[in-house]
Amino acid sequence: MKDPRVRALLLFLLAITFGVLIFGGYLIHRDKPPIPGTVVSDTGATLFTGADVKNGQKLYLSRGGQEMGTIWGHGAYLAPDWSADFLHRMGLYVGARLSGIAAEGSASFTQEDLDSMDAIKKAELQALATREIKTNRYDAAHDVLTFTGPQAEAFAVLQSYYTALFRDGNDRMGLEPGIVGSDAEGHQLTSFFAWLAWAAGTNRPGQALTYTSNWPFDPLVGNQPVAGALIWSIASVIILILFLGIVIFLYSRYMHEDDYKGKLITKISEPSPTASQKTTLAYFIAAMALFVIQVLCGALTAHYAVEGGSFLGIPIQKLLPYAAVRTWHLQLAIFWIATCFLATGLFIGPFVGREPKGQAPLSVILFVAVVIVVLGSLVGTWLSVQGRFGSNGFMFGHQGYEYLDLGRFWQLLLIAGMIIWLILVVRAIRTALLAEKDRGGLTHVLLYSAVTIPLFYMAGLLYGQTSDLSDAEYWRWWVVHLWVEGFFEVFATVVLAFILARIGAVSAEFSLKIVYVSIFLYLGSGVIGTFHHLYWTGTPVPIIALGAVFSALEVVPLALLGFESAQNMRTIKLGGENYVYKWPLYFFIAVAFWNVVGAGVFGFLINPPIVLYYAQGINTTPLHAHAALFGVYGILAIALMLFSVRHIVALRAWSDRMLKWAFWLLNGGLLGMVVLSLAPSGFYQLSYAITYGIWYARSPEITSGPVIKMLNYVRIIPDVVFGAGGVVIFLFVVRAAWISFSRKAAARK
């Protein structure tokens, strides 16, 4: 971009947005729930210590963490949310005890018993439980938290319950036996849960809201949505409508190129890829193999809600614990999508610049390193879930945080691999960089976006095994939201701009303009929009306001994808029936569709704080996650792969027929999952969350009850369709590579 004012404005925008994000991180760190040094009863007896809380956190994270239930709403959806579960169980005991019921009767007092009371007695019990739990008895000067007599009794009762639960396991919750191996570990785990529940149920000093802004919803203990959740939800919708109108007007007014007279490339000569470009086929084949395995893990994960720890009557829980299978499902998604992006970067380097000396062997070494990281992390997480590392799985086993489950050692190796990848890309585009005098030009933007790939993944190193949960979640979402949804998106946009300009679909000038508009819109809203993941993780109310407004603005660029789809459809029509880029462009059109539906509709469905207050941690989230993670980033990775492969394999190795089958099977299967299973189960749970609370919507009565079971049985059909699409795309790449580079093919030449 030759106009220096545009670059200056972009840098100013990034400085402001990251400044707000970092300041918000400071507020989160300052106002996070304290972990008391000691928790005592009103008689002075020590119940547990801050060290017990930290050790319980270590045990929980090492044995699967957020893959065996959620904490403060983040994690897996089969087991309960342990913060909501503990809070409700304590509320029942405390309320019963204060209502005059004996200790033994209070220990067995249930929600059914509460509901059977007459309205006045029920209201009195809830009022007593609310007053007891809401009162903050933490003495910051002495770092001591005091539990009342009923709270101390409840802790002892719940310690016995959770120790037995995690020692014996529970099929309906996806918990394998032996997670807790001793009473001491049971005490530590319960201490961690007790602290989570205390932060969720106790008011901040001098404020009428809890450390988690009254999440989770639970009338028993007085947790109701704060006013800001509703106010900022309304404001976010108003601001969204306003900015949609402004951006669509500006896009329609200035983003056109009626005078472009370039010639669309409809046929290509026999590809002559460089040696390093040929090596990317190994990356793509491996990525598609991981994709197929990931689909199988996803189907098995869903099946746990049907048969618990069995598959068609065969016990599999011991060999394939739910936490391990779900970890693999998420890890493999990140691995195969990232592998496609990295391989595309290696391909585009010589495509844009030249082939440096030694690029091919270095690419092979990088591939081997990636394989080691993938296999090592998968084995490590399995060993950690099985308890082979005890409470110390953080380094080589399981970090316990969703999407960043891999052990820290493997994470460091992956970062090293990304840095090597960056060096390889820079080597390849160096001549093009030198030739491009404009430092805001397309090649330079490619460089800048490539630098962000390892840089923002490093944010995952800024928390440790015993970091306070609020701090850890803040940095984790830097990776999950900013790395995946922000800078990988920018990198892909730049690569796509190069491709579209090279095939004559748009002019180079227009493609650069698209890149800058995308960066302004995605990062201008998405950086601060990171806060919408942090509403209830021990953060102050301003985070709710910022997250609500800017996450709503993330929908704005998605509204423009209709223009992009129309442009791609016109390109396909101009290219004719046998257009060489027909199916890669169709995959890009699918990306636009799922961006609008998965990221836009389903994302905005749960972004407003008043909605997420009830929907956090239920199946409305995987509804968004499946449609956005695969629908957008998965299909985008496949589209980039197809553009790369088109210029690597022999013309005779390309099969439009196979791609047609893959396209419709993948998109049809995903649509079936969304319509037939994920959406119905999400709204089914939401009705219970609004009526009774998160604790009940996440209870086994709902998550593995007859309705969810039925919806998971129905899901088998779209799962099979989707899986077939994955197999077809895998076979397409293998077949293309075999025909192009097998010995027989070489002999025929």
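The loop between helix 8 (183-201) and helix 9 (227-254) holds Pro216, with helices taken as DSSP runs of H or I of at least four residues, numbered from the N terminus. The model is predicted, with local features requiring pLDDT of at least 70 and side-chain atom pairs pLDDT 80 or more, whereas totals for chains, interfaces and linings use all residues. Residues are numbered from 1 along each chain as its sequence is written, and side-chain values use heavy atoms, without hydrogens and water.

The peptide bond leading from Trp215 to Pro216 is cis, with omega near 5 degrees. Asn214, found in the loop between helix 8 and helix 9, has a positive phi of about 70 degrees although it is not a glycine. For comparison, most residues other than glycine have a negative phi, and most peptide bonds are trans. Asn214 is buried, at 7% relative accessible area (buried means under 20%, exposed over 50% and partly exposed in between, using a 1.4 Å probe and protein chains only).

Turning to helix packing, helix 11 (residues 322-352) and helix 22 (residues 620-646) pack at about 30 degrees, their axes 9 Å apart; axes are lines fitted to C-alpha atoms over the stretch in contact (heavy atoms within 4.5 Å), and angles run from 0 to 180 degrees between N-to-C directions. This makes helix 11 roughly parallel to helix 22, a term for angles under 35 degrees. Residues of helix 11 including Trp336 and Phe341 meet residues of helix 22, among them Phe630 and Tyr633.

Definitions and conventions. Helix = DSSP H or I, 4+ residues; strand = E, 2+ residues; numbered from the N terminus. Parallel < 35°, antiparallel > 145°, perpendicular 65-115°, else oblique.
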